[in-house]
Amino acid sequence: MQFLATQKINLSIILVSKNEFSQWVLDENPLLYGILTGYECLYDNKFFKRQMTILKNRIKLTKPVYAEYGRMIHLELVI
């Protein structure tokens, strides 16, 4: 952790079950929008990648707008 602090690296850990995460994708949970705009998954057994592909396909259809730090982000243009 000290290494992260000295390198000015932010690390956000999200612990969630596969079932809960799958439901977030179906519900288009806004937390996932934030993840799409700049976070990386450090470990994945292909589950996360599959779920994010599903979410990206849903975003192309629903065209949601995500507000972050006063900016409006049209997610279908970011993904």
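A residue counts as buried when its relative accessible area is under 20%, and as exposed when that area is over 50%. The views below show a predicted model.

**View 1. Glu 28, a buried loop residue with a positive phi.**
Glu 28 sits in the loop that runs between H2 and H3. Its relative accessibility is 10%, under the 20% limit, so Glu 28 counts as buried. The phi angle of Glu 28 is near 50°. That value is positive, and the residue is not a glycine. Most residues other than glycine have a negative phi.

**View 2. Lys 46, an exposed loop residue with a positive phi.**
Lys 46 belongs to the loop between H3 and H4. Phi here is positive as well, at about 85°, although Lys 46 is not a glycine. Is Lys 46 buried or exposed? The relative accessible area of Lys 46 is 59%, over the 50% limit, so Lys 46 is exposed.

**View 3. The tilted aromatic pair of Phe 21 and Trp 24.**
Two numbers describe a pair of aromatic rings: the distance of the centres and the angle of the planes. The model holds four aromatic pairs. One of them joins Phe 21 and Trp 24, with 6.2 Å from centre to centre and 45° between the planes. Why is this pair called tilted? Planes under 30 degrees apart would be stacked and planes over 60 edge-to-face, so 45° falls in the tilted class. Both residues belong to helix H2, which covers residues 18–27. They are three residues apart, so about one helical turn separates them. Phe 21 is buried, with 7% relative accessibility. Trp 24 is buried too, at 16%.

**View 4. The edge-to-face pair of Tyr 33 and Tyr 66.**
The ring centres of Tyr 33 and Tyr 66 lie 6.1 Å apart. Their planes meet at 80°, so the pair is edge-to-face. Which elements does this pair link? Tyr 33 is in helix H3 (residues 30–36), and Tyr 66 is in strand E1 (residues 65–68). The two residues are 33 apart, and the pair links distant parts of the chain. Tyr 33 has a relative accessible area of 8%, so it is buried. Tyr 66 is also buried, at 15%.

**View 5. An aromatic cluster, with a lysine over one ring.**
Four residues make up one aromatic cluster: Phe 21, Trp 24, Phe 47 and Phe 48. Lys 18 lies over the face of Phe 47. The distance from Lys 18 to the ring centre is 5.3 Å.

**View 6. The contacts of Phe 21.**
Phe 21 is part of helix H2. What does Phe 21 touch, once residues up to four places away in sequence are set aside? Its partners are Val 16, Leu 32, Phe 47, Phe 48, Gln 51 and Met 52. Cys 41 is 20 residues from Phe 21 in sequence. In space the two are 13 Å apart, C-alpha to C-alpha.

**View 7. Gln 51, a buried residue of helix H4.**
Gln 51 has its place in helix H4. With 11% relative accessibility, Gln 51 counts as buried. Leaving out neighbours within four places in sequence, Gln 51 is in contact with Phe 21, Ser 22 and Val 25.

**View 8. The largest pocket.**
The volume of the largest pocket is about 760 Å³. Its lining is formed by 23 residues. Closest to the pocket centre are Ser 12, Ile 14, Glu 40, Cys 41 and Leu 42. Which elements give two or more residues to the lining? They are H2 and helix H4 (47–62). By class, the lining has 15 nonpolar residues, five polar ones and three charged ones.

Along the sequence, their pattern reads α-α-α-α-β-β-α. The C-alpha trace spans about 40 × 30 × 15 Å along its principal axes. Of the 79 residues, 25% are buried. Among contacts with a separation of 6 or more, 47% are between residues 24 or more positions apart.

Technical notes. Residues numbered from 1 in each chain as written. Predicted model: local features only at pLDDT ≥ 70, side-chain atom pairs only at ≥ 80, totals over all residues. Heavy atoms only, no water. Phe/Tyr/Trp six-rings, centres within 6.5 Å; stacked < 30°, edge-to-face > 60°. Helix = DSSP H or I, 4+ residues; strand = E, 2+ residues; numbered from the N terminus. Buried < 20%, exposed > 50% of the residue type's maximum accessible area, 1.4 Å probe, protein only. Lys NZ or Arg CZ within 6 Å of the ring centre and 35° of its normal. 1 Å grid on protein atoms, 1.4 Å probe; cavity = no way out; pocket = protein on both sides within 12 Å on 5 of 7 lines; lining within 4 Å. Points joined across faces, edges and corners; volume = space filled by probe spheres on them. Nonpolar A, V, L, I, M, F, W, Y, C, P; charged D, E, K, R; others polar. Contact = heavy atoms within 4.5 Å.
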